[in-house]
Amino acid sequence: MNTEQLYQQRLARYVTAMRNEKPDCVPIRPFVAEFTAKYAGYTCQQVCHDYNKAFDAAVKTAKDYGWDAVVPNMVYVWTGLAQAAGLRYFGIPGIGIPHTTGFNYIEPPEGEAWMREDEYDELIRDPTAFLYNVWLPRVSTEVSRVGEPSTYRNNLALVKSSMAMLQYFYAFGPQIQRLRTEAGTVSAIAGIFKAPFDILADKLRGYIGLTMDMATQPKKVLAACEALMPHLCHVGLTTADPTKQVPIGFWMHRGCVPFVNPGQFDSHYWPTLKPIVEEFWKHGHQTLFYAEGKWKHHFDTFRELPDRSIVFHCDRDDVFEVHRRLHDKFAISGGIPNVMLSYGKPEEVRDFTRRVLREVAADGGYILDSGAIMQDDTSVENLRVMTDTCREHGVYCSGALLPLTAMPPCDVPASIAQRQQLTGMTGRPAPRVKPGVCLPWEEKVKELPEISGDRDLIRKVWEDIEALGNTYIWQLLLSF
Amino acid sequence: MIDMKPLYEAVLKGDAATARALTEQALASGMEPITVVKEFMVPAMDEVGRRFECNEYFVPELLLAARAMKAALELVRPLLVKSGVEPQGRVVVGTVRGDLHDIGKNLVAAMLEGGGFEVVDLGVNVTPEKFIEAVKAKNANIVALSALLTTTMPAMRATIEAFKAAGLRDQVKIFVGGAPITQKFADDIGADGYSENAPGAVTLAKVHAARAA
């Protein structure tokens, strides 16, 4: 079988499992991050600073292990971009933290949060403008605040970081192609999404700040989540797989009990998340619920989602319980403990993987992976054992590969009413500035002399380029 | 004698302003600072821990209660120091080398303070040497190590080894915690205790303090 045939077979295997069906064998889709550096002979510092090395490492690792799907660069953060923008929220290998350590996100002290407690109204009024005017100057060592004198370094930071972002994004196309042609491996996800409540905690108010706000100004928090919804939904849809085969990555952070209480989950987290996941599904996109930590309190709630609309990824939940509670509706991935893969004995890995294959994968709808992304502490041998065990014991006698068709767009009647309650979602007035846009054409055109000829052409070019400004700031918020 | 039940309730509800005002009143009325702490604040934090264990309280309620406790303690602590009252114990806390995550560590620190311990918070990315230095400087008897990443778990072992090499291992109890940590790992690296949550860390510290007393 040549690499292209291998690729087609693996894609069909992966997609069949994600649609909760039984393929020919259990697909393996490890989210390997700094592990690839260790395996391919690079340092954490090298793969974080030089994405070409990270790409090489991902291809080599996927090829040698023969995995079905991987993320083209799960280290993802590239310090070239982070440093050009002067981002304060990264601990960069070799700068302030050991060069042998993977990058870390830094949460500022509560009083120095990237968004302050009295700034909700400004965020709610126009989230994109808020990100540019308030958030970016605060998270950057270089960018000046609106109203303050611009500086040489401000101008350089904006130009360099936006060009760096394009350079980096454009490098992903060839990298996905390399995975396909050199390793026969599928790019595992496309698109990025985070829940409104999570992003408020992660990059705006901080977890502690948001927790305090939930006690003092819960209505403002809810309004902020609602204001973020159409924008986050837009980012997800515009970055999703156009062939509608691999899912949108949804990185779930602190929205679960006990980080929030059950009432807060019901009042804030879920009502501003569910309609977006349903909107994705309506467009034929599955969402990969990358459920970091433990989400067992919410399994019944997740069952409200349409069948197959998500793939539930198990981190530190009990994967056998996840299977019992969710497998009739959704495919499941993950569940092999990272600590075991890093510090366990090969026999433990073999036994646990066999048990997962026997009990969780038996009816299909399972993709083998560890609980969380794998860094350079993961054992090369243990990952080999996990892979070999799956290839040996993860074969179905009655499985079949689904034809490679896109997920058809579908409607989700139960959710229509809920979506309609939300600004900017189906059936509701659009936000003041629509998602995907910073400075609307309708405003810009008032400044221009009379337009003649092909007005739509002029508008379209303006809007296409204008959208890059929107992409820049929302990608900074969500991806970097 | 003023009714102090509302102070207990204020801490339990996480009402910092009321907790502070009631503490002020109590001290003004001549109540001994140690009585305010032992009779009302610490029992309130014990109840917060109990409710967390029973899934009645969650991390937000812990944080709010710890805030209320802190607001009240700020008034009491200088008086305790002045009158020579020793804390239950001195705890050095920090996130280990290479790890910059601090939400869990901060929560443990706040809950320990609320439990009557003096806390020296070294922050994040703390080297073994810094832990040792702080233990010596503050004469601490407990060290609480935090790690969120599996990659930084070995730094916990390294820190414990460094205490051994410095000849200080027998003078301190070392507790570990953080998302990937398990009791088995704690045992493997020779830690004295592990808890999967902040109230559990306070319980560990109290058990140790009671044994040491």
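**Figure 1. The interface between chain A and chain B.** In this predicted model, chain A and chain B bury about 2300 Å² between them, with 66% of that area on carbon and sulfur atoms. Chain A contributes 33 residues to the contact and chain B contributes 24 residues. On the chain A side, the most area is lost to chain B by N104(A), M212(A) and Y343(A). Together they account for 20% of what that side buries.

**Figure 2. Helix α4 against helix α8 in chain A.** The view shows α4 (residues 51-65) and α8 (residues 152-183) of chain A. Their axes come within 10 Å and cross at roughly 20 degrees. Angles under 35 degrees count as roughly parallel, so α4(A) is roughly parallel to α8(A). The crossing is right-handed.

**Figure 3. Residues at the contact of α4(A) with α8(A).** From α4(A) come Y51(A), F55(A), D56(A), A58(A), V59(A), A62(A) and K63(A). The residues from α8(A) include Y168(A), A171(A), F172(A), R178(A), L179(A) and E182(A). Q167(A), Q175(A) and A183(A) also belong to the α8(A) side. By class, the contact holds 10 nonpolar, 2 polar and 4 charged residues.

**Figure 4. The two domains of chain B.** Chain B is divided into domain 1 (5-82) and domain 2 (90-212). The domain centres, taken over C-alpha atoms, are separated by 24 Å. Across the boundary, 15 residues of domain 1 are in contact with 9 residues of domain 2. The two domains of chain B bury about 940 Å² between them. Carbon and sulfur atoms carry 70% of that area.

Definitions and conventions:
Residues are numbered from 1 along each chain as its sequence is written. Chains are lettered from A and ligands numbered from 1 in the order in which they are written. This is a predicted model: local features need pLDDT of at least 70, side-chain atom pairs count only at pLDDT 80 or more; totals for chains, interfaces and linings use all residues. Side-chain values use heavy atoms; hydrogens and water are left out. Axes are lines fitted to C-alpha atoms, for helices over the stretch in contact, and angles run from 0 to 180 degrees between N-to-C directions. Helices (H or I, at least four residues) and strands (E, at least two) are DSSP runs, numbered from the N terminus. Angles under 35 degrees count as roughly parallel, over 145 as roughly antiparallel, 65 to 115 as roughly perpendicular and the rest as oblique. A crossing is left-handed if the near helix is turned anticlockwise from the far one by less than a right angle, and right-handed if clockwise. Contact means heavy atoms within 4.5 Å. Ala, Val, Leu, Ile, Met, Phe, Trp, Tyr, Cys and Pro count as nonpolar, Asp, Glu, Lys and Arg as charged, and the others, Gly among them, as polar. Domain bounds come from an automatic or database domain assignment. Buried area is the accessible area (1.4 Å probe) that two parts lose on being put together, summed over both.
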